[in-house]
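This report walks through selected local features of one structure, starting with its strands and then turning to its aromatic rings and helices. Please keep the sequence and the coordinates to hand while reading.

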Amino acid sequence: MTQSDRVARDLRERVESGEWPTGRRLPGEHQLATHYEVSRSTVRTALQDLESRGLTVTRHGSGTVVVATGHDHQADIRRLESMTETIRRRGLEPGMRYRSISIRDISKEEAEELQLNPSAEVVEIERALTADAEVVAFSYDVIPVDHLGGAPDPSEISGSVFALLGRHGHHVAVATTELHAAHGDDIGWGERPEDASYLVLVQNHLDGEGRPVFLSSTYFIEGRFPFGLVRHR
């Protein structure tokens with residue numbers, strides 16, 4: 001772990017613990033550099049990490065201000081993490097209900113997005129995401145079979161998809177994301193609001209080298225899991 005990683009991790013923990021609540025300005029670079037016994041450039045890199053996660057905003061002449069903490073009501077839509085982590089960070093108990101797990105031929109569009117041979121196979125997963133046992137979203141995931149070491153045993157697939165792929169050496173670093181609105185009774189399954197509206201995240205998840213890892217389309221039920229976005233000039 002680099003010095004900037006160490007400083008960034010400690011600062012994240014202090015922000016998320018509420019030491020600096022939303023709207024509070026962090027100590028200046030010089031003060032932080034003295035506290036952590038590192039250079040100002042190391043502190044600057046650590047602060048960039050916080051801003052990239054949607055926790056702070058840094059402006060020349062104004063310093064670094066906290067815009068989101070681990071206790072905030074809304075999840076920051078810019079922050080990429082597993083839904084299990086996001087739900088738990090909000091103080092709720094995450095859960096996963098798998099509806100189906102199947103292996104099929106990849107589609108032409110999926111092959112292009114995942115940069116795979118048109119003859120490849122994928123694992124298609126349908127699951128409901130829960131927070132304190134209440135369904136908050138439906139997710140449709142497409143994972144290359146080869147990323148799971150071959151055709152998986154369905155009993156192996158449980159919990160976070162990020163964690164599942166991580167166990168096979170594939171780690172998500174970034175996701176290209178499209179946002180859509182949708183509604184209708186044909187979305188999801190089981191008990192859900194009649195004619196519900198959804199915020200849809202259509203994502204291609206990539207590793208640190210920019211290689212596609214898996215695709216997902218996640219339908220968040222309006223009103224059950226709010227996302228936020230801090231806008232600034």
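## The hairpin of β8 and β9

In this predicted model, the hairpin formed by β8 and β9 has five residues between its strands, and G210 there takes a positive phi near 85°. Strand β8 covers residues 197–206, and nine bridges join it to β9 in an antiparallel arrangement. Two of the facing positions can be named: L201 has T218 as its bridge partner in β9, while Y198 stands opposite I221 of that strand.

Is strand β9, residues 212–221, largely enclosed or open? Eight of its 10 residues are buried, so the strand is largely enclosed by the rest of the structure. Strand β8 is likewise mostly covered, with seven of its 10 residues buried.

## Strands on either side

## Aromatic pairs

The count of aromatic pairs in the model comes to five. One of them is formed by Y140 and W189, an edge-to-face pair with 6.0 Å from centre to centre and 90° between the planes. Because Y140 lies in strand β6 and W189 in the loop between β7 and β8, this pair ties together parts that are 49 residues apart in sequence. The two partners fall into separate accessibility classes: Y140, at 25% relative accessibility, counts as partly exposed, whereas W189 is buried, with a relative accessible area of 16%.

Another edge-to-face pair is made by F162 and F214, with 6.1 Å centre to centre and 80° between the planes. This pair links distant parts of the chain, since F162 belongs to helix α6 (residues 161–167) and F214 to strand β9, 52 residues apart. F162 counts as partly exposed at 22% relative accessibility, while F214 is buried, with a relative accessible area of 2%. Ring pairs also link F138, Y140, W189, Y198 and Y219 into a cluster.

S160 is located in the loop between β6 and α6. Its relative accessibility is 14%, and because buried means under 20% relative accessible area, S160 counts as buried. The side chain of S160 reaches the backbone nitrogen of A163 at 3.2 Å. When its neighbours within four places in sequence are left aside, S160 is in contact with S82, T84 and M96.

## Helix α3

Helix α3 (residues 40–52) has 13 residues, and the distance from its first C-alpha to its last is 18 Å, close to the 18 Å expected at 1.5 Å a residue.

## Helix α2

In helix α2, the residues L32, A33 and Y36 are buried. They cover an arc of only 100° around the axis, which puts them on the same side of α2. The face turned away from this buried side carries the exposed residues H30, Q31, T34 and H35.

Just after α2, E37 takes a positive phi of about 60°.

Terms used:
Residues are numbered from 1 along each chain as its sequence is written. This is a predicted model: local features need pLDDT of at least 70, side-chain atom pairs count only at pLDDT 80 or more; totals for chains, interfaces and linings use all residues. Side-chain values use heavy atoms; hydrogens and water are left out. Buried means under 20% relative accessible area, exposed over 50%, partly exposed in between (1.4 Å probe, protein chains only). Helices (H or I, at least four residues) and strands (E, at least two) are DSSP runs, numbered from the N terminus. Two strands pair if DSSP finds at least two bridges between them. Rings of Phe, Tyr and Trp (its six-membered ring) pair if their centres lie within 6.5 Å; planes under 30 degrees apart count as stacked, over 60 as edge-to-face and the rest as tilted. The expected span of a helix is 1.5 Å times one less than its number of residues. A polar contact is a pair of N or O atoms within 3.5 Å; within protein, one must be able to donate a hydrogen and the other to accept it, and residues adjacent in sequence count only if both atoms are side-chain atoms. Contact means heavy atoms within 4.5 Å. The arc is that of the directions from the helix axis to the C-beta atoms.
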